[in-house]
Amino acid sequence: MNASLRLSLSSLRAHRRRFAGTFLAVFLGVAFLAGTLVMGDTLRAGFDSMFGNATAGTDAVVRGADTITTPGESQGVRQPVPTDLAGTVEAVPGVAAVAPDIQGAGQLVGGDGRPIGGQGPPTLAGNWIPDPKLNPYRLAEGRAPARSGEVVVNRGTADKGGLKIGDTTTLRTPDPVRVTIVGLATFGGEDGMAQVTFTGMTRADAEQYLTAGPGRATSIVVRADPGVSQAELVDRLTPVLPEGVEAITGQESAQENTDMIASRFLTIFTTFLLVFSGVALLVATFSIHNTFAIVVAQRARENALLRALGASRRQVTEATLVEAAAVAVTASAAGLAGGIGIAAGLQALFPAIGFPFPEGDLVIGALSLTVPLVVGVLVCLGSALLPAVRAGRTAPLAALRETAVDSSGASRPRAVTGAGLLALAVAATLTGVLVTPSVWLAGGGAVLALIAFVVLGPVAAGTAVRVLGSPLDRLRGVTGGLARRNALRSPKRTAATAGALMIGVAVVSLFTVFGASLKATMDQTVSRSFAGDVAVSTPAFGAGGSGLSPRLAPALGRLPEVDTAVGLGRGVAEVDGKGRALTVTDPVALRRTFDLGTVRGDLGALGTDGIAITRQEADRRHLTTGDTTRLAFTDGDEKTFTVRAVYGRSELAGDYVITRAAWAPHRTQDADTLVAVSFADGVSAAEGKAAVEKVAAIYGNPEVQTRDEYAQSSAGGIDMMLTLVYALLALAVLIALLGIANTLTLAIHERTRELGLLRAVGQTRSQLRAMVRWESVLVAAFGTVGGLALGAFLGWVLVRASDGSSDSAFAFALPPARLAVVALVGIAAGVLAGLRPARRAAHLDVLRAIATQ
Amino acid sequence: MSTATATTATRNAARVVDAVKVHGVGDTAVRALDGVSVAFPAGRFTAIMGPSGSGKSTLMHCAAGLDTLTSGTAYIGDTELRTLDERRLTLLRRDRVGFVFQAYNLVPTLTVEENIRLPLDLAGERGESEWIDALVDVVGLRDRLHHRPSELSGGQQQRVAVARAFAGRPDVVFADEPTGNLDSRAGGEVLGLLARTVRRTGRTVVMVTHDPVAAAHADEVVFLADGRLVDRMESPTADRVLDRMKAFEVPS
């Protein structure tokens with residue numbers, strides 16, 4: 001065995017405890033990473049096989065060839081196909097069975113009167129296809145719907161809503177439909193397609209409620225005769241299809257569905273988790289680097305002796321690196337195993353909390369095996385590289401030097417470099433945000449700011465600890481003073497320890513600030529644009545929910561308490577070749593309940609061939625009143641519209657407005673997203689709201705909210721996201737804590753004799769514990785303050801950058817209460833991290849501590 | 001407490017009775033102290049001498065409350081140490097005992113002045129400024145009060161340690177080889193300082209040493225060999241101590 005290797009292994013054996021912190025940091029980071037990847041693999045494979053199973057009997061799908069995709073949407077809207085095409089298809093030789101597939105949005109109301117789902121995954125309704133091989137859902141209990149009003153729902157949805165066979169409830173399509181559940185279904189062997197809810201109705205009901213009129217289907221599913229392959233079937237079908245309609249194989253369709261889920265849900269989900277495991281690993285880098293730096297410093301005598309005895313620089317460096325590699329490999333391997341364990345645990349846990357995790361074995365791709373291992377080893381070795389090189393540079397004479405106070409951290413070149421970097425960072429960000437809006441410049445500046453903070457850390461540590469610790473002298477006397485000075489001993493070490501926490505806190509405050517700003521923006525939007533008294537909406541998030549019945553607004557308008565009730569529907573069309581969302585409404589009423597800013601032209605004159613657009617959009621496309629623009633609808637129709645009005649504010653009304661009359665020929669499933677109501681003169685808020693609620697109850701019982709409530713509920717999703725983000729960041733903060741605890745433990749080891757002396761001259765155990773604890777708190781406070789400052793700055797940059805890149809104005813808000821909580825948590829973390837090292841220090845044997853060499 | 005100090009000042013500042021200390025158990029057990037009874041009179045400078053392994057450091061540690069006896073009793077003034085729990089023992093060390101060690105005697109992060117005041121600060125007391133002032137003059141470090149230990153020579157550091165040991169007006173100061181790391185000149189200064197402080201201010205010092213020259217500064221020397229008290233010598237000189245040491249090296 002070679003000398004470096006033997007040295008490192010014996011040193012590892014002797015100092016196992018010192019590397020416990022490093023091991024844990026790498027382990028946690030790698031486990032998170034591996035868990036995310038394996039879970040992603042498993043989910044993807046699960047969805048693959050689920051769709052494969054569910055649609056195995058479908059050999060071809062006939063559907064509209066073109067889609068219209070609006071910005072910000074991953075799945076486009078497809079033109080429907082005529083149902084009578086089914087007859088043509090059925091006549092093609094080799095076709096065994098054909099069924100039109102009609103799909104739309106339909107949200108069931110549960111046994112408790114509250115809607116089921118709608119927070120993310122789609123809430124679907126469709127026709128129940130009688131041919132069991134063509135229907136992706138299998139009847140598990142009960143029977144298929146036979147009469148109008150009878151439905152089959154997937155079992156997961158029924159369980160969630162507390163519904164069973166024989167129950168009668170409401171289906172919002174969005175027109176409320178009374179339905180009776182006659183059967184429960186499964187999808188690909190599971191209780192549902194993940195959290196997607198499905199309600200299957202008779203074909204007549206589906207045509208009535210889910211499409212604009214009979215005779216149109218989302219697609220036509222086809223089964224082939226035995227012996228006819230899917231590709232052959234498609235080849236035979238293609239010639240008989242009219243223009244604008246295509247046929248694809250069942251496999252392709254299943255693949256598209258999986259890809260759609262993968263891109264819409266899995267990719268976002270795993271990317272999200274990967275970002276946070278990245279943050280955790282970045283934090284880990286700091287504490288690993290710090291551990292090795294301290295260990296190398298403590299071992300200076302030993303290394304100097306080796307050098308004096310003739311070891312080369314390389315041998316000493318190698319010995320340290322081998323040590324790091326040994327820790328890296330064991331910790332990464334353990335982390336990988338831990339990650340697979342986490343994925344397995346989640347697989348078992350998810351079904352228990354009502355999230356059908358696809359059954360089957362864990363799927364571990366080659367990448368998921370190698371990436372965490374490689375990343376773990378690289379992070380650990382990379383962090384140990386500098387300390388190892390420093391170890392090699394130990395002068396043989398250093399064997400005799402006593403290291404007492406090391407103030408090398410706060411060197412002048414460092415201060416100058418750091419200040420320069422910070423100035424550059426601020427300049428770049430300000431330019432990118434305020435002068436010439438550029439996301440790249442702003443982002444680059446943000447990264448530079450982070451680097452500048454890390455470089456400046458040791459310089460700032462002195463002043464910061466002095467300032468933060470100044471109350472300690474008065475409050476805690478000599479104990480506090482000693483703690484403060486201990487924290488100041490090695491500014492570099494203090495800064496590196498605090499740096500880990502700083503990054504964690506910075507990311508937490510970044511999200512906190514951004515979340516608060518988003519909320520403030522919504523608040524501002526609603527209070528500026530919404531001039532009505534109450535808003536009626538169905539709280540939904542993502543693709544869920546089915547919207548409001550278009551009959552609600554007219555019904556509300558007839559109330560004596562109501563002056564105006566205007567419904568906003570959503571349409572989709574290609575405007576000059578680009579997919580756009582249209583607001584379908586009554587433009588005159590719109591103006592009474594929304595502040596549209598200055599309006600040029602006449603909103604009342606849109607008719608069936610007129611359109612109103614925002615000034616921003618008009619300027620961009622060089623349009624003005626009287627100009628024309630071409631709209632292509634999903635049914636294939638193209639029509640020229642004349643711009644009759646240009647309005648100033650688009651926040652709630654959208655960029656394009658057309659009348660209901662203009663939309664009617666092209667409509668699909670009709671739904672309003674929002675009904676805005678303003679009361680008649682002299683009607684009190686409570687009176688008016690009560691009247692509106694009474695009518696709304698008949699139309700599927702949507703939420704009736706005052707302006708403030710509406711603004712708050714619009715921001716509800718943000719709080720949910722923030723909670724998730726906090727949970728994920730807890731790991732990074734935990735790793736930072738481990739780093740602080742580890743540094744303290746190593747420092748205590750270093751100061752054994754000094755602690756012995758303090759105890760001998762009369763420091764009580766509790767005073768000693770307090771001293772260590774306060775040191776920990778000071779380091780944590782330093783990291784927390786730095787993190788808050790950095791996070792608030794980055795949050796501001798993000799908000800300004802978003803402001804620059806989006807049409808609507810973005811507000812910046814600092815939430816003082818939340819940030820105070822973040823600060824308190826950071827400091828509490830310091831107390832927690834100090835507990836164990838403090839206890840250990842207090843239990844040092846005085847005599848032995850004095851005798852330690 | 002001041003009345004207790006007054007009554008004990010005329011008698012013994014510290015003593016041990018039938019002190020036995022066994023390190024380890026079974027086959028590896030070593031009797032470091034084997035029935036030692038010795039008293040350290042108040043207002044005197046006593047040196048404990050003996051060859052390596054004679055138990056002199058153990059005796060000092062046990063008498064000072066840093067270590068506990070296997071059997072026998074140890075007193076500081078009239079307080080029996082065995083009756084005190086860990087916390088009271090710490091407070092006793094803080095309030096009634098001073099220490100000077102061989103090396104690493106000062107806290108590197110504190111200034112000279114803060115090091116001197118350390119026991120008082122730990123007790124949260126202001127101390128008597130005249131006394132501290134006088135101490136600073138006796139040890140001759142007035143111009144170094146705001147320096148850090150790393151900026152002082154070894155001798156200066158040890159003088160700071162002496163000042164710290166006396167800062168709280170302890171009943172007794174224990175010094176463990178205080179000159180072990182110093183050259184003879186610096187060592188002489190520290191020893192002179194200890195002796196002067198005892199004579200001028202009536203304090204009590206117990207010093208462990210193996211150096212006859214150091215022992216000669218004391219009022220009395222007690223000799224230890226193999227864990228037993230073997231001799232006492234009043235008004236020692238370096239030559240007489242050296243002769244006595246040689247005498248019991250021969251039979252062993």
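Predicted model: local features only at pLDDT ≥ 70, side-chain atom pairs only at ≥ 80, totals over all residues.
Colleague: What should I know before I start?

Modeller: Residues count from 1 along each chain as its sequence is written, and chains are lettered from A, with ligands numbered from 1, in the order written. Local features need pLDDT of at least 70 and side-chain atom pairs pLDDT 80 or more, while totals for chains, interfaces and linings use all residues.

Colleague: Which residues of helix 18 of chain A are buried?

Modeller: First, the general idea. An α-helix has 3.6 residues a turn, so residues three or four places apart point the same way. Here, helices (H or I, at least four residues) and strands (E, at least two) are DSSP runs numbered from the N terminus. A residue is buried if 20 or more other C-beta atoms, placed from the backbone, lie within 10 Å of its own, exposed if 12 or fewer, and partly exposed in between. In helix 18 of chain A, the buried ones are Gly688(A), Lys689(A), Ala691(A), Val692(A) and Ala696(A). They cover an arc (of directions from the helix axis to the C-beta atoms) of only 160 degrees, which puts them on the same side of the helix.

Colleague: What does the face turned away carry?

Modeller: Exposed residues: Ala686(A), Glu687(A), Ala690(A), Lys694(A) and Ile698(A). Just after this helix, Gly700(A) has a positive phi of about 85 degrees.

Colleague: And how do I read the sheet in chain B?

Modeller: Strands pair if DSSP finds at least two bridges between them. The open sheet has six strands in the order 6-7-8-3-9-10, with mixed pairing. Strands 6 (97-100) and 10 (228-234) of chain B each have a single partner strand, so one side of each lacks a neighbour in the sheet. Strands 7 and 8 of chain B run parallel, joined by four bridges, and Asp176(B) stands opposite Val208(B).
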